[in-house]
Amino acid sequence: GTSDHLMVSLRVLVLGFALHGSVAFLPATRSHSAVRRHAAPLTPSQLPAQPRRRHLSMVSSLTPPGVSVPVKAAPPTPEPPATPMDETFPGVVECPMTAWGARDVNLAEERAKPSGEFAPEWNKADVMAADAGEEEELEYFRSLRPTIKTLMAQYGSIVMRGFDITKESDGFLKMYLALGLEPCDDPLQSVAARDAVDKEKGVYEAVNKESRAKYFVGMHNEQVGTRSPRRAAFVCFKPADDGGEFLLLDGRKMLRDLDAEFLDEMYEKQVRFIAAELPLGFLEAVHPKVRDMLEKPMLAMASQAAKKKVDFDIDLQWTKDNEGKPCIHVIAPAQPPVVRHPDTGEPVWFCNVHSHSDHLRQQREERDGTLKLSETTGSSRLNRTDIRFGDFGRIPHKWQEHVDETVMKNLQWVKMNKGDVVLVDNYMTMHGRNVFEGVRKHAVTWFK
């Protein structure tokens, strides 16, 4: 009968959820395209005359004027350590718990302080001969070992260019061991599996799939449930044919540039992320009394399946999606949008509104012409994320759009070439990726 059919459908739904997993705090499964920007900006006089478009993502290979990009800075040249360092691979440890810290930030006081330099660009040619061999490169990385974590916290990110040893996976491993960075598990593994270049060595792919090429990866700190790596190293083994820039955003600038009223409300109420959505549109064809009867057992079954899949607390809520159709939302715990850096105590914006807002994502997909590709059901619908205030009130669209405007104003666009590495402090810096064409091979290792 009808009830049996519904229960079979539910079992299929819950099984699909258990297999695919909640994607809580994924780096934007679908987000927006934006203006292409490279690391060497041209002056307005060098740009050919052409009509200004809202987005140049797949059209222009030129950097528009007035774009924020990494600056070339003189890298440090310390002496190599006097005694040999242990550079044996230590294995991959568990990803650290997120350091939320105390909610004691005086926002007005902190916003008045300067934010400091962000994401300098260091080139091999500035510290050694351009044709220096791999051992000389490793000696340079060893010289940075005592201070590299401090420098990453100071600058948020460091763009390293021109080194040869990092053009292959094995050399990339040697680099981060010489720097003394300790690899940790991919935080995503608690809910899903990320494609790996070398999982045993903690080297994972960085959103290279052709199926995701047309989708902009929104700006986010790497944070899944209750786990966040302290640091990361992103490496390019092959740049995309067009686009695919690696994007950086200073959390200190976001703290200072966001509207004070909005920031105060966010900090007071905290935020909650809808980590997944289980579509139940088929229930619209069911008599309301039958639907009411099935609500509790369906919610219980979905809750049981979800909680077996993740290692952090979640709530499930029977509700309606943005199209007004029945669904179950998988909701992560409340969290503050501003945290103190675990080592320096400096407050930063640490909140993935830009990557998780369903409103912003749909706006961007409509602009990019990818909206119809995302109007799906099933597993991809499970990946549909959104954000609410901590009391589960809706965040007005005007504030979400304000976040988007502030993000886009402060983005730094890094066109990485083979062997380039970007060192990222995950608490100081948000990261993302532009849309691209062709084959793109970028990878990442997370660190404790």
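This is a predicted model: local features need pLDDT of at least 70, side-chain atom pairs count only at pLDDT 80 or more; totals for chains, interfaces and linings use all residues.

Q: What share of the residues is buried?

A: 55% of the 448 residues count as buried. The chain exposes about 18,800 Å², and carbon and sulfur atoms supply 51% of that.

Q: What's the average pLDDT?

A: The average is 81, with 78% of the residues scoring at least 70. Over residues 2–65, though, the pLDDT is below 50. That stretch still has 172 contacts in the model beyond near neighbours in sequence.

Q: OK, let's talk strands. Which strands does β6 pair with?

A: β16 is one of them: residues 421–425, antiparallel to β6, with 5 bridges. β19, residues 441–447, also runs antiparallel to β6, and 7 bridges join them.

Q: Which residues does Ala232 face across those pairings?

A: In β16, Ala232 stands opposite Val424. In β19, its bridge partner is Trp446.

Q: Why call β6 largely enclosed?

A: Because 7 of its 8 residues, in the run 231–238, are buried.

Q: Switching to helices. Which residues of α4 are buried?

A: In α4, which spans 148–155, the buried ones are Ile148, Leu151, Met152, Ala153 and Tyr155.

Q: What covers them?

A: The cover includes the strands β1 (121–123), β2 (157–161), β6 and β16, along with the helices α3 (134–144) and α6 (251–257).

Q: Now aromatics. How many aromatic pairs?

A: The count comes to 13 aromatic pairs. One of the pairs is Phe141 with Phe163: the ring centres are 5.0 Å apart and the planes sit at 50°, so the pair is tilted.

Q: Where do those two sit?

A: Phe141 is in helix α3, while Phe163 is in the loop between β2 and α5 (169–178), so the pair ties together parts 22 residues apart in sequence. Both Phe141 and Phe163 are buried.

Q: What about Phe172 and Phe237, how are their rings arranged?

A: Those two are edge-to-face, because their planes are at 85°, with the centres 6.4 Å apart. Phe172 lies in helix α5 and Phe237 in strand β6, so this pair ties together parts 65 residues apart in sequence.

Q: Buried or exposed?

A: Phe172 is buried, with a relative accessible area of 0%. Phe237 is buried too, at 15%.

Q: Which residues make up the cluster that Phe237 belongs to?

A: Ring pairs link Phe237 with Phe172, Tyr176 and Phe447 into a cluster.

Q: Last one: which charged residues lie over the faces of Phe389 and Phe392?

A: Lys269 lies over the face of Phe389, 4.5 Å from the ring centre. For Phe392 it's Arg388, at 5.6 Å from the ring centre.

Terms used: Residues are numbered from 1 along each chain as its sequence is written. Side-chain values use heavy atoms; hydrogens and water are left out. Buried means under 20% relative accessible area, exposed over 50%, partly exposed in between (1.4 Å probe, protein chains only). Accessible areas come from the Shrake-Rupley method with a 1.4 Å probe; for residues, only the protein chains shown count as cover. pLDDT is the predictor's confidence in each residue, from 0 to 100. Contact means heavy atoms within 4.5 Å. Helices (H or I, at least four residues) and strands (E, at least two) are DSSP runs, numbered from the N terminus. Two strands pair if DSSP finds at least two bridges between them. Rings of Phe, Tyr and Trp (its six-membered ring) pair if their centres lie within 6.5 Å; planes under 30 degrees apart count as stacked, over 60 as edge-to-face and the rest as tilted. A charge sits over a ring if NZ of Lys or CZ of Arg is within 6 Å of the ring centre and within 35 degrees of the ring normal.
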